[in-house]
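The following exercises ask the reader to work through a structure step by step. Each task is followed by its solution.

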Amino acid sequence: MAERILIVDDEIDMLELLELIITDRTEYEVVTTNSPLEVTDLLKKQPFDLLITDLRMPDIDGIELIERVKQVDDQLPFIIITAYGTIESAVEAMRKGAFDYITKPFRQEQILLTIEKVMKWRRLQKENIALKAELEKMKKGSDA
Amino acid sequence: MRSFKGWFRKKEPESFPDPALTAALRQKYGAFRRLLADDQEVLEIITDLEEKYNGEYLFDMQYLRTNIRRLSEKVYNLIHLLNEISNLKYTDLYRTYEQIQQELNDLLAQKRKIPVDEMVLPFERISLEKEESVGGKMANLGELRNRLGLPVPRGFAITAYAYKAFIGYHQLQEEISRQLNALDINRLEDLLVVSRDIQERILEKPIPPFLEETLTKSYRELIEKTGSEIRVSVRSSALGEDSRLSFAGQYGTVLNVDPREIGEKYKEILASKFTPRAIFYFIGKGFREEELAMGMGCMIMIPAKAGGVLYTVGPENPERPEAVIHAHWGLGKTVVDGSVSPDLFRVSKEPPFRVKESLPAHKEKMMIADAEGGIKWVAVPLARRDQPCLSGDTISRLGHMAKIIEEHFRHPQDIEWALDEEDQIIFLQTRPLKIFSRKGNPPVLSAEELSQYPVLLDTGVTGAQGVGSGPVFIVGQERDLIDFPSGAVLVAKTPSPKWVTVMSKAKGIVTDLGSSASHMAALAREFRVPTILNTHKATQILIPGQEVTVDAGQCRVYQGQVDKLIDYFEVEPGNPFEDTPLFILFEKILNRIVPLNLVDPTQPDFSPAHCRTFHDLIRFTHQTATQEMFSLSHSAQSSAGEALQLETNLPLEILLIDLGGGISPLSKGRKVKGEMILSWPLLVFWKGVQSMKWPGPKPLDMKGFASVVAHTAAEPGGESRIYSEKSFALLAADYMNFSIRLGYHLSTIEVMGGAEEGENFINFIFKGGGATIDRRDRRARVVSTVLERLGFQVNQKMDLVDARLFNHPRAEMEKILLALGKLTVYTKQLDMVMFNDAIVDWSIEEFIKEHL
């Protein structure tokens, strides 16, 4: 199954450009929403491998959104998109565990490379979890 | 005002400047310095915007708003500072500024207002500026008639405001929006239902009385002007249509209509906007319905002897200077909708517009206007069936017009025309031609590969370039489209624009009939579906379900999936965002900012009244402010400032202002000899300029010549006139601010070179023009690389080079400044030869080897 990316931005234009470039240049499946309030519901309904979110949005801001997302899936990697001049909040986002942040406007290659990095990491993370589970199972087996 | 001569003669060399005048001059000089700084900054913002527009970057509305606001503030400052320098001589500029500012605000607020206008406008009063009112098709036609003086039929446009009045009068908007918003366009069945319902609602409503009255009046006037009983054609001209997306054939055209029926036909065409394929088209492309108010054109029917389509470049070989004509006897409609196989002609776009190729088709039937109204098919007389329907002379004339129209719109065009009984060419519409070109040669299959992938079809004409592969799906009826599988190759007898509903799913299209001038081909190019037309036998040879590869460029269909070809064509398709609403909006915004109409300061139209964009305002304020500094010293009639001219053999006029200690007090008269210059930065820089051989024309390739000519064509007088443009240097003993214009390049060199190393700097800004973007870019790269070698911090954005160097001792600065003088001359004609990247490297090496 193709890996899935969820993108949140209150600006529909940005969503459209991101979706266009990602679906055009990669194999990933993309879901977009311009309503951050909808994100936790979407995450509960279907699994995602990456969340890309804007930092400044009208309903709830990116930092608040991260908090909420962590309650649903604390393993989900996320990339923060910031407007030029909001580096301080980007730093805060990194503290909260963002994989990376990217400043608007950015080159196509920049976002694609960042996504590639996350996805590599994500695959390792999944493999790691699977191996650990295997190990647990073996341990339990030998204990028994 | 006293002449220069007068006050120089009177002046005592040792006279002390009047303190009040000096203070006034210094204050104005301060304003001037701020203006120069702001001028650099606006150029940087504009370059940044242009860079974002090329599709490499992702950005959002916030970026646009922020930068447009910054730009607006700076442009306002420029106007304000110019008025400060000139004692409020140019307050008119505020009005132009406000107007552009308002338009930009409206665009940024994404308010798509339907402009309040008259309901009907005669063609005489239409040009591109009326696009929002009459739609793209009519605006372009008005442009042909009124700006280029080309023949178009008499007629009038019904404006978008009339549409708004109609919809508003019957309160239709809400119902339409509700239905469209609830629609899932991937369900073709629902599309049919909604479409039928909306159309019926429109057709059952009467034309409101006020509109009826205006229409009646307008066609009576048309009859009076024409002087006889006439019939008209009614053509849709929706807003947004024909501007960027071709919407080919999506909205209706009705030919040969009795003028009394215009109202009815008007409604029919309004309703035609809501056919399933049109709904699919504009929802799929991300437009909102209320954005697509409709304009319309009514024009007298041309009893065409022949008609057809003129492409100003061949879709197969867009780089060749050739136009392509598809023509058929009778009405050109048959060529446009692909219902006949037309004659094909290729004609040079260069004088004497020679016919390069003539491929007459066998023409059995043609469509003509019926005396009873409407149109009908009739048999082509036997003698004319295989005869070309255009004479060599007509073809040459079309080639000439292709050149004129393409240059005017600055983009290849897709033009519909008719030939009347007197052999006069009459234009019916023009719109941007969708093409995409590819670099390098396509791969050639080896004999072994050919045995693996047999060629099934090797005939036809290219409708849209590209290679695609998938299973064959034969379409006979419209309802077959409902079952069209994603990734299939559409095969059919005749082309139809109705297929737009499956174009996002199709990997290729192959038809038995039709030409690349058909609407369907235009749509295929827009959706980038590789398409071959007129194969005569595709439906007989290709078998449903059979896996094939369509190579549209070669007009070949292979059995199987030929990866070698598919991979080659899967390269970067250019700007992927081109058709998104954000970029369409961006383009409109840039149109209010970037185009430069004020090109030649010696012409009378270099005036506030002719400023139409921010760029015009920027250019005007910069040029005028610099001149004002001189007129200031002219009128001062004292030694407060001196406008002098540097004596030189070069074809340049360089004016000097001495801000203190820059020119020897012993200098007499208006001309300053080189040895009278005391400002060391100018002395050294000028030495560099003079040490170079003044560049004569280098050998240049044809493309280079064409690209430079294309960009100078708008500037009457060409390069020789540009030389008459003045360069200015503001001088002090250890300061120089020199704006030097050479041809189309503007270099500004600002030097502070005193005893304090820490205060010293050189700013070098280079902005080019006069060639295509890629050539300008290459030239800027030469400049950047050399500057880096000289130790500058260089920032190159497209063709703007901004280089800075700080804290150097004077001895070092002298060497650098000497090199800058040489470099400035060296770059003068670089773009004439910048036809490939290898030249860039060669030029850098040559300059470094010989001059550093």
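**Exercise 1.** How many residues has the largest nonpolar core, and which of them have the most contacts inside it?

*Solution.* The model under study is a predicted one. Begin with the size: the largest nonpolar core has 73 residues. Next, consider the residues with the most contacts inside this core: they are Ile22(A), Ile52(A) and Ile115(A), together with Leu49(B), Leu64(B) and Ile593(B). Then look at where the core residues come from: helix H3 of chain B (residues 61-86) gives the largest share, 11 residues. Finally, a second, separate core has 53 residues, among them Leu646(B), Leu682(B), Val801(B) and Tyr826(B).

**Exercise 2.** Identify the residues that Ile115(A) touches, not counting residues up to four places away in sequence.

*Solution.* With those sequence neighbours set aside, Ile115(A) touches Ile5(A), Ile22(A), Tyr28(A), Leu50(A), Ile52(A) and Ile79(A). Two of these partners, Ile22(A) and Ile52(A), are also named among the residues with the most contacts inside the largest core.

**Exercise 3.** Describe the interface between chain A and chain B, and state which side chains form its salt bridge.

*Solution.* First, take the residues: 15 of chain A are in contact with 18 of chain B. Second, take the area: about 1,600 Å² is buried between the two chains, and carbon and sulfur atoms give 60% of this. Third, count the salt bridges: there is one between chain A and chain B. The side chains of Lys104(A) and Asp60(B) meet in a salt bridge, at 2.4 Å from N to O. Lastly, follow Lys104(A) along its own chain: a cis peptide bond, with omega about -10 degrees, joins this residue to Pro105(A). Pro105(A) is found in the loop between strand E5 (100-103) and strand E6 (106-107) of chain A.

**Exercise 4.** Which residues make a nonpolar surface patch of about 230 Å²?

*Solution.* The patch is made by Leu192(B), Val193(B) and Ile482(B). Val193(B) belongs to helix H8 (residues 188-204) of chain B. Val193(B) is exposed because its relative accessible area is 52%, over the 50% limit.

Note on methods. Residues numbered from 1 in each chain as written. Chains lettered and ligands numbered in written order. Predicted model: local features only at pLDDT ≥ 70, side-chain atom pairs only at ≥ 80, totals over all residues. Heavy atoms only, no water. Patch = residues over 30% accessible without salt bridge, like charges linked within 9 Å, V, L, I, M, F, W, Y side chains within 5 Å. Areas by Shrake-Rupley, 256 points an atom, 1.4 Å probe, with all protein chains shown as cover. Salt bridge = Lys/Arg side-chain N within 4 Å of Asp/Glu carboxyl O. Helix = DSSP H or I, 4+ residues; strand = E, 2+ residues; numbered from the N terminus. Buried < 20%, exposed > 50% of the residue type's maximum accessible area, 1.4 Å probe, protein only. Core = buried A, V, L, I, M, F, W, Y, C linked by side-chain atoms within 4.5 Å. Contact = heavy atoms within 4.5 Å. Buried area = accessible area lost by both parts, 1.4 Å probe.
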